[in-house]
Amino acid sequence: MTLVLRFARRYMVPFWHWYLAGIVFLVLTNWISVTIPLYVAEGIDAIAQGEAGRPVIVSSALWVAGLGVLVIGIRTASRLLFFTPGRLVEANVKHDLFVRILEHQPGFLSNWPTGDLISRVSSDVGMLRLLAGFTALGVFNTISALALTGSQMLRISPFLAGLAALPLLFSFLVIQVFMRELHRVTQELQQVAGELSDHALSSYQGIATIQTFGAEDAFEEAFEKHNQAYLLATLKRANLRTVFGPILTLGAAVNVFLLLRYGGPMAMNGELTVGELVAFVTLVAYLTGPLRGMSFIIALVKQSQASLERIDVVLYAEPDRPEGPSGEAPPTHPPAIEVHDLSFRYPDGDHDVLHGVSLSVPAGGTLGIVGPTGSGKTTLLRVLARLYNPPPGTVRVDGHDVRGFDLDAWRDAMTLVPQRAYLFSESVRSNILLGADDDAKLRRVLTLAALDVDVAALRDGVETQVGEAGVTLSGGQRQRTALARGLARGQVVLMLDDVLSAVDHRTEQQLVDALKSRSPRPTTVIVAHRVSALQHADVIAVMEGGRVVDSGTHAELVARPGLYREIWRRQTETGESEGVHG
Amino acid sequence: MADETPSTTALLRRLLPYVRYDAPLYIVALLAAPIGTALVVVQPWLLKTAIDDHIQKNDAEGLITLAWAYLVAVVLGFVAEAVYNLALSYGAMRTISRVRRAVYRHTLTLARSYFDRVPTGRLLTRVTSDIEALGETLTAGAITIILDVLLVLGIIAAMLWLDPWLTAVMLVLSPVLAVVVDGIRRVLRKLYQEVRTSLASLNAYMAERITGLGVVQLYRDEARVTAAFDERLAIFRDATIKTNFWDALLFAIVDGLSSICMALMLWYGSGGLFGEAVTAGLLAAFIEYVGRLFQPIREFSQKLAVIQRAAAALEKIFGLLDEDEHIAWGDATLADDVESLVVDDLSFAYGDGPDVLQGVSLTLRPGQVVALVGRTGSGKSTLGKLLQRSYQGYRGSIRLNGVELRDLRPETLHRFVGVVQQDVQLFPGSVRFNLTLGADIPDAVLEESLDLCRATDSVIRLGGLDGRIRHEGANVSVGEGQLLSFARTLAARTPIVVLDEATASVDSLTEARIQAATDAILARRTVLVIAHRLSTIMDADEILVLDAGRVIERGTHADLVLAGGPYAALFESQFHDHESA
């Protein structure tokens, strides 16, 4: 409940004037609705008086018709006044949640699959919209309807009113049990729905593999398992809904029985008029609506509890920023970087992937990193870029702990071109310049990344839309686009994670030369598999199993036995360092 | 109503083939429905009888009997309705799950060009939220619509029987109601379509950004991304607010009309209309009837709105099912042994783009290794994709054992040609499933393949063949993924392998392991290598150098080096580079 209150305070209260106006219109709506049966009762009783009652009948008929027309406008307004803030709240939460996701460290978000995060922003926030619109309407509707209807019933006959309350109360209680069960089943349903969605997403992303292996049947079969689990959960929900759902209508019908059985004799005794008995039947029926609404609301509040939890754990978690609100400004010139005894494990990992790594690069120098797959090269770069924060004191930039920098400023200062090239569904230009407008720069980085010829061959040149995740470009083109994107940013630190393998040898050399001739020359970290890309580095670190097993210049490393010399020999013998790439 | 959008009924009719299998459930529902309706319709009549024949006549005993009869009608009516609802929702849910399966199945068969165009986020929406909307509709909202129709008809019949004139007065309003409801319904339908489209666009954008979050953060693209997100969000929000207005209006109009009906009844009852007075019991019964008439009609409009939503979803679902961007396969099968794979004068363009392959010819015989080299964009990967028939519409011919590729059955081609993808694609599930992709391959073969690819250690780390690979291969490194992908292709034991090298992300040592494994296999397999590294192909039987879609040079490594052409230049420069290195 505290979650609901926190949500209401932050998101609903700002729209209080909408809700206030809504309540006024709602009370009016309900007041008119319970007044109409009274005029009808008056009319019915007048009928028994024959000719004499006719003026009364006409006037009550006019009242009923007039109020009926009036209530159309008022009811529409009352619903709009609640539903509109519901939609506005929905949009605001979506915005805040999305912005917050963009702020969180990948390490934090890796707690959930991407599809799960997406469904938090889409379906869970939809739940909150119901909470802010439908539920809010329901609460006030129930309160005012119960109060107004109840007082009318009490006015006609306290005894019958008390009698009518019993079945309604009983069915209302039964419904609470039902709602609790429904909540449980709904949670189960969400779980299996998530698994189903993950399976579908991964098979759409992996469609090339599925089709070339002719594995459609196997995937359909796997999908069908999730599908059946989902079906089972929905059937459980249907059972509950069917048996318990109409319980209130049943209660109201039982009430008519009670009214006939006990109210009928009262009418015969003249304790109430026939018109009043009929009005009572109408009022009892009118009560079931708000009561049903009430049980929906209780269910919604409970279900939204789950959604709120799923949203809040992302929305209210503070991004991991050890620098606090006022971080230091990172250097504006290429800095020296020193890594000292850095051990690191991923937040969800069970073992260290970096063990006591120590390295240093002079200001404006180049550090090369080489080593087999899984040796921790990519992790090291991620930690330097603070996608994951290093332990205190292990990474120093110009003598300052990198953890102390304002993260945004640090990201502005450095550029990491990741190994996996991820492109967005927008033009090549947008992918590279990210919204900036600088044609000269675009041409420069296209040439630098050896992408100019490729882009010229595309139908719309730089304006060509790249398919989702860059499907229409080849792997090499994608990586070079990502490289161009990285190069388009000014920076004092540049880190390339195995990006040079996307270009051929000549381009690689051009690029390395171009990077060297930049002024000021950024402090550069290059992860590469080709010795040729590293040989001019100021220092080369050889990594294996999360450790730096050797380091030195190219000349030093080839002069002594070890992994580096092994790689170098292999590449020299087979000509591997000179690939024909693409 | 615009002609280009299919009507709701047409859409629902298309649902019939999926509904058929659950006929017994629907029949039970249809049997229970009239019983339930009759028991509900009789209730106001009992009320009338109680008032006119017993209360007004002071017959206490008869009244009590009648009250009990009323209770019996209520309870039995409840049971019949429960049976109806249960049978119908079971039927509906089963139908929905069948639709979901069909949509998923159909999507898997679509051509790759379709996936190049359509974001996977949108496809996911079809198979999840759109079908869910349909399910929600059928179970929670619209399921009782048949019952509603029956109830309305039953009530009208009962009213006509009790007092045809009074009924006629009531029904005067129905055309008004029909016009209003239908008009608003049309507006709503268009709006729901707008809501769904804007939501899909919003979700697709968000999904892509969250997937590529690292890029957004590293390049400080948050402001631009947020602005673009907000723009889509505003379109969605405004569409939903418009929808709310018409929803609310529809709800209120139907509600207000019931009061106008009551006023008409009173006027008629006074004899003011036709000079004919009625009894209090009859009026009470009519008020009950009209109340019950308006409840389903009011809910009817809500349910119609929900059906609109479902129709919008259905439209998209069927739109996807109608998508026939398929690869056209033939019917031919082949005997077991590979004799030859002959590519002759092959040209190809993606869509209406420029040719990316022009007049390429090559022959691959059993046990041979043919290599394609060339810069990015030279078309070598495209040739590999054509051999898998990922794209169709090539000109010239590709013949396997003399049979044109497009005439083959897909399973025949898959049995003959295996592929190592350039992009590693792993799936959430066991390691075994990721290797076999559902094919019946003994563990021994898998283990042998893993050994050959030096991937055994990685698999042990993951917990053996039964170990889990997480969504998006989150617990597997890029290099490991490639080793597994290689093992997957080896385990399929196809006589021909198309190896689209993905060396970019694997370090030399891992590459060396794969190379060693490849070498062992090359002796027994027939391989087309789309090479990124010359070391892979020095022993190839033939090397084709591609440039801008044309073969500019071909021969063995030795021939080409001797010939002194582009390949030799490449090799020379490489040799020279290493001298200097």
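I began with chain A, where 78% of the contacts between residues at least 6 apart in sequence join residues at least 24 apart, a contact being two residues whose C-beta atoms, placed from the backbone, lie within 7 Å. The model is predicted, and I noted that local features need pLDDT of at least 70 and side-chain atom pairs count only at pLDDT 80 or more, while totals for chains, interfaces and linings use all residues. Residues are numbered from 1 along each chain as its sequence is written, and chains are lettered from A and ligands numbered from 1 in the order in which they are written.

**Entry 1: the chains**

I looked up the secondary structure of chain A and found 20 helices and 10 strands, these being DSSP runs numbered from the N terminus, H or I of at least four residues for helices and E of at least two for strands. For chain B I noted 20 helices and 12 strands, with 52% of 581 residues buried. In chain B, residues 24 or more positions apart account for 79% of the contacts with a separation of 6 or more.

**Entry 2: where the chains meet**

I then turned to the contact between the chains, which takes 147 residues from chain A and 146 residues from chain B. On the side of chain A that touches chain B, helix α3 (residues 54–103) gives the largest share, 26 residues. That side divides into 72 nonpolar, 50 polar and 25 charged residues, where Ala, Val, Leu, Ile, Met, Phe, Trp, Tyr, Cys and Pro count as nonpolar, Asp, Glu, Lys and Arg as charged, and the others, Gly among them, as polar.

I picked out V216(B), which is found in helix α9 (residues 213–218) of chain B. V216(B) counts as buried because 22 C-beta neighbours lie inside 10 Å. Leaving aside neighbours within four places in sequence, V216(B) is in contact with L102(A) as well as with R209(B), D221(B), E222(B) and V225(B).

**Entry 3: a helix pair in chain A**

I checked helix α2 (residues 16–48) and helix α5 (residues 114–156) of chain A, which pack at about 35° with their axes 9 Å apart; axes are lines fitted to C-alpha atoms, for helices over the stretch in contact, and angles run from 0 to 180 degrees between N-to-C directions. Among the residues that make the contact are W31(A) of α2(A) and F140(A) of α5(A). By class, the contact has 11 nonpolar, five polar and no charged residues.

**Entry 4: a sheet in chain B**

I traced an open sheet of four strands in chain B, in the order β2-β1-β4-β5 with antiparallel pairing, two strands being paired if DSSP finds at least two bridges between them. The edge strands, each pairing on one side only, are β2 (355–364) and β5 (403–404). β1(B) and β4(B) pair over five bridges, and L341(B) stands opposite L400(B) in β4(B). Two bridges join β4 (residues 395–400) to β5(B): L400(B) has V403(B) as its bridge partner, and R399(B) has E404(B). These two strands form a hairpin with two residues between them, and N401(B) in the turn has a positive phi of about 50°. Finally, I noted that helix α12 (residues 380–387) of chain B lies across β1 (341–349), β2 and β4, running at about 65° to β2(B).

Notes:
Buried ≥ 20, exposed ≤ 12 C-beta atoms within 10 Å, placed from the backbone.
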